[in-house]
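Hi there,

Here is the structure I promised to pass on to you.

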Amino acid sequence: MAVVPMERIRICALKKERKPILETLQRRGVIELCDVPEEEQVFVKTDVSESASHLTRHKMMALQALEILEQAAPEKKSMLSAFQGRKTVTSDKYDGFVDVKREAKQTARKIVDLSRSIQENKAEVIKLRLQQEALEPWKSLDVPLNFSGTRSTAAFIGILPGAWEESAVYEAFAELAPLEVEILSIVKDQTFMFLLCLKKHSERMMELLRMNGFAKPGVQSILPPVKQQEKCDKKTASLKKEIADATAELKSLSDKRELLCFYADYEAVREEKYAVISRLLQSKHTFVLTGYIPKRDAKSLKDYLEGKYTVDVQLA
């Protein structure tokens, strides 16, 4: 590998011209910066971490939006597209992007929000399905699962281990008669039941039930189970429609892919620029940049900068 002769370069310029000078250096990409210690009371380094973090968040949001679009509406690409870097654009197009930056940012945020809504709704659909499945053994119950009885009675809705016949339940709790017992279903060697006794016997009934392994339902509802399942069905249908609508809207935004790509690159370039700014020595009106440049590029860069800006370029 050939060794490229390098020269040390030191640029001192007016702070008001910092932006175009740094953009020129960034476009040429020939300087490798080096850190130098702060010169006390004259030059200091500026903390731009907050601004840089905003740019990073915007860039990541754009990249996330692109990834979401790729999943919702995959782009047809050539096999070599993965090796392509950033597209080369003119400085006029880069500078003009400021006019559509807001649209790009809003589009990226909308795509991310739509995706989040879809994922949240899908999770809610799963939750509703599990709730419906949990309610299935209780379908024949005509009161809500949280029903606790009346003024004079106490209700116990729950599960006993094993397969119980109604007669066996009456026999097991005969000392607390009169009773009303209904076996709702038997699933996987578990008995789902409803039991009603006089309120004055409620504490003793709970004691006996616990001795027999009684457990309360793993799901609750303020409606009878069948009504609750119907409510889940309606909610699920509504959520699925929202998912379909959001998915269709996502696909309709696939034509914004190029805009988002440019937005991601635009913010990445600005992020790189702020990384440079954090390494500059700056005073109230000037800044100093130090680094190394290939010898073949040094003179042309020096002549260009000194011919266009109020700047002192030293080569060594």
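The structure holds 1 aromatic pair. Rings of Phe, Tyr and Trp (its six-membered ring) pair if their centres lie within 6.5 Å, and planes under 30 degrees apart count as stacked, over 60 as edge-to-face and the rest as tilted. Here the ring centres of Trp138 and Phe192 are 4.9 Å apart and the planes sit at 80°, so this pair is edge-to-face. It ties together distant parts of the chain: Trp138 is in the loop between α4 (98-135) and β3 (153-161), while Phe192 is in strand β5 (residues 190-198), 54 residues apart. Trp138 and Phe192 are both buried; that word means under 20% relative accessible area, with exposed over 50% and partly exposed in between (1.4 Å probe, protein chains only).

Before you go further, note that this is a predicted model, where local features need pLDDT of at least 70 and side-chain atom pairs count only at pLDDT 80 or more, while totals for chains, interfaces and linings use all residues. Residues are numbered from 1 along each chain as its sequence is written, and side-chain values use heavy atoms, with hydrogens and water left out.

Now stay in strand β5, where you will also find Met193. Is Met193 buried or exposed? Met193 counts as buried, because its relative accessibility is 0%. Leaving aside neighbours within four places in sequence, Met193 is in contact (heavy atoms within 4.5 Å) with several residues, including Trp138, Phe156, Val169 and Ile183. Val181 is 12 residues from Met193 along the chain, and their C-alpha atoms are separated by 7.3 Å.

Most residues other than glycine have a negative phi, and most peptide bonds are trans. Lys188, though, has a phi near 50°, a positive value in a residue other than glycine. Asp189 is not a glycine either, and has a positive phi of about 60°. You'll find Lys188 in the loop between β4 and β5, and Asp189 lies in the loop between β4 and β5 too. Lys188 counts as exposed because its relative accessibility is 78%, and Asp189 is exposed with a relative accessible area of 54%. The peptide bond from Ala177 to Pro178 is cis, with omega near 10°. Pro178 is in the loop between α5 (166-172) and β4 (179-187).

Then there is Tyr309, in the loop between α9 (295-308) and β8 (311-315). With a relative accessible area of 12%, Tyr309 is buried. Which residue lies 295 residues from Tyr309 in sequence, but 8.5 Å away in space, C-alpha to C-alpha? That is Leu14. Not counting residues up to four places away in sequence, Tyr309 touches Glu17, Pro20, Ile21, Thr24 and Tyr304.

Finally, the whole chain. Its secondary structure comes to 9 helices and 8 strands; helices (H or I, at least four residues) and strands (E, at least two) are DSSP runs, numbered from the N terminus. The C-alpha trace spans about 105 × 50 × 40 Å along its principal axes. Buried residues make up 39% of the 316 residues. Of the contacts between residues at least 6 apart in sequence, 82% join residues at least 24 apart.

Enjoy exploring!
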